[in-house]
Protein chains: 2
Amino acid sequence: MRYSQLFPKTIKQAPAGAESVNHQLLVRAGFIDQLMAGSWTLLPLGFRVISKINDIIRGELNSTEAQEMLMPLLHPRDIWDQTGRWSDPDVKEIMYQFKDIRGKELGLSFTHEEIVMNLLGKYVRSYKDLPIKIYHFSTKFRNEPRAKSGILRGREFLMKDLYSAHVSKEDLQQYFQQVREAYLKIFNRMKLETRVVDASGGVFTEGFTQEFQVISPVGEDSILVCESCDFATNIEVSQVKEGEKCPRCGGKIKMVKAIEVGHIFTLGTKYSKNMGVFFLDEHGKKQDLWFGSYGIGVSRLVGVLVEKFHDEKGIVWPEAVAPFKVHLVGLDLDNKEVMERAEKVYKQLQAEGVEVLFDDKEGVSAGEKFADADLIGIPYRVVVSKRTEEQLEVKKRNEKTTAFVTVEELLKQLSH
Amino acid sequence: MRYSQLFPKTIKQAPAGAESVNHQLLVRAGFIDQLMAGSWTLLPLGFRVISKINDIIRGELNSTEAQEMLMPLLHPRDIWDQTGRWSDPDVKEIMYQFKDIRGKELGLSFTHEEIVMNLLGKYVRSYKDLPIKIYHFSTKFRNEPRAKSGILRGREFLMKDLYSAHVSKEDLQQYFQQVREAYLKIFNRMKLETRVVDASGGVFTEGFTQEFQVISPVGEDSILVCESCDFATNIEVSQVKEGEKCPRCGGKIKMVKAIEVGHIFTLGTKYSKNMGVFFLDEHGKKQDLWFGSYGIGVSRLVGVLVEKFHDEKGIVWPEAVAPFKVHLVGLDLDNKEVMERAEKVYKQLQAEGVEVLFDDKEGVSAGEKFADADLIGIPYRVVVSKRTEEQLEVKKRNEKTTAFVTVEELLKQLSH
């Protein structure tokens, strides 16, 4: 992609009222744009990051034999009435509910348990049809009073939600553990250190749930963590208090702020019972389905990544989720020979499958181009200029040193 | 993918009230499931088809230097008020509009012209920032009174919409032609023959628009076409009538039913003027932006493809959009040696990057497995059974003859 064509360009000033680092940097660097409070357009750079995050999630979930699909966002009231959640005051507070012009009551999805159970009811007959593991990436809506903190808490946002149905509690628990491991791999691949925290199920369940929390001063959750081991617990369900001893290792418990990036639920047989969905076991006897759901806040992750990976100059994307791998900066481009060299490098890298953002703008100073590169945060900055001659000046975004290498040497470095 | 794990399996009976072929076959074969009138879940098989369609569209649009992004679905009234469309009776009839609990008026998107123009207003300053070509794949909502014909006309559906902004009418027209060519390539790659029809812009514009129509008896549009050349026109704007002579070649004009799969609009400067968005030209003078929008009905295309490509036994997917390339049917699988051979072929094909659906179910008759394969419509049916020995029995879905080949020969055939 040529920077001259990229929509939009970086902007110098953070928007008024942007308090959080992710809001300031993502807007200034041209990744997101605010439509209204809690509602964001993912601009081309932001969309590239989301696509990489989704591909990582997709890969790990497919490894658990989950299948991708796509469910509708507008839901009829009658299905939500079957669990009583339509009228639950906690749900009414966050779910957009309205009537269409024919008076039919509709709600905008903030989750899909009822819709999945309704779907299972149409297709599941026997124990032979189970387990079922299905997921989708989709837009969620929350009539959120506190829409702030940039892209961390939105009224409209992207989530991956996975649902599983099983013949037994044991089978559900086994898959729950498998998803837990998949989630840890997912966050690990994007270099996010998470704490797995026993938590409350909120409007979803009274059963066992775990949150994946990233420790961050801008987090809205408070969790208790052990300073010595990886023990962590949500204050709502915790048996220990700050300053007490860790029940696992005896270390000291402290309270920290954190951002929830994933939440996994064992929902038991509640949804199955309430919605009259069952299967026939080996003896032809009706049995309830054991149900679980598993979410990852995809657009929130973009904000979390920026909160964790930035410096005073801008974003520092982990390679696995960076919008491009190389930011090719052309300097002295009014010189025809230099422009030809830069174009050649651009095409060589692309031909080798390297994702390159090529700053091909003429008449812009080196300082301004470097500032843009630091702000956007692509892992490798590669300079072609008069003084680089037949070589390239390479600097990693998270390092201070530059090195002069040939295209071949750069390609070798990138392939590691 | 193992058929034993695929959710859901085929069903024998078409749902009650399913009149159209696409509705019957897509539901029976397990591609889609109806949540409510006009609202469909894309099941794993259907999602695979949509993903292939999207990739084809993405590839051709990226070739026009358009950039992918993602815009929100819930829109604030004030932006739609700037063009007056919020209160347009034709818009109010189809747009879901409601108030949130704080009384703020919101609408669910059926298109994004206002939102794009609002976005451009924040970033476009000079002629140097133009042209801009941006698109997204997203959910659209229409409070549609006639939600019927399967997935052809929905209340919630997937669309690709592209928007472009230019410095001049000529530049807009040139890009309009480029998109027209890209659309023809897109439909051609999925083997859909389309007629490009001059049309009315409806609630979008009084300017020049063209529809891409697929001739089909289940279509809801009526178009006039020439029997001798590719001349076609929408009855709303036509200067000729049925039975008259074609203005281009003198051939005979007839009326046919057709389904609109794409629509491209030159919107002129109306949106720019109404919303106060402009750019500065070379002389520093304010100028209106020339604007265009270009849509493809992605989920509708799935239905259109089935209407065009089916026989009495089921769907016959064109290869480019088929959910899998090979339907590997294992017979006599209670025989351990045959099962091992089938497993080996499954793994060999996957290792070569071939997308395979492997019917690994035991105790199901050949007749039932073949009926499933014909219903689902994957291009190559490959049988492993006692009698195939070290070979494979291959039959293309759209041919009647079978052939015995080795795995190597099959791989060679598939790579063509």
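**Entry 1: a helix pair in chain A**

I looked up helix α1 (residues 21–28) and helix α8 (residues 298–308) of chain A, and found that their axes come within 9 Å and cross at roughly 100°. The model is a predicted one. Angles of 65 to 115 degrees count as roughly perpendicular. I therefore note α1(A) and α8(A) as roughly perpendicular to each other.

Next I listed the residues that make this contact. From α1(A) I have Val21(A), Asn22(A), Leu25(A) and Leu26(A). From α8(A) I have Gly303(A), Val306(A) and Glu307(A). I sorted the contact of α1(A) with α8(A) by class and got 4 nonpolar, 2 polar and 1 charged residues.

**Entry 2: chain B against chain A**

I then turned to the contact between the chains. Chain B gives 37 residues and chain A gives 37 residues. I checked which elements of chain B give two or more residues to the side that touches chain A. The helices are α2 (44–63) and α5 (113–123). The strands are β1 (32–36), β2 (39–42), β3 (67–68), β4 (74–76) and β7 (132–141). By class, I find 25 nonpolar, 6 polar and 6 charged residues on this side of chain B.

**Entry 3: how the copies are related**

Methods. Residues numbered from 1 in each chain as written. Chains lettered and ligands numbered in written order. Predicted model: local features only at pLDDT ≥ 70, side-chain atom pairs only at ≥ 80, totals over all residues. Axes fitted to C-alpha atoms, helices over the stretch in contact; angles between N-to-C directions. Helix = DSSP H or I, 4+ residues; strand = E, 2+ residues; numbered from the N terminus. Parallel < 35°, antiparallel > 145°, perpendicular 65-115°, else oblique. Contact = placed C-beta atoms within 7 Å. Nonpolar A, V, L, I, M, F, W, Y, C, P; charged D, E, K, R; others polar.
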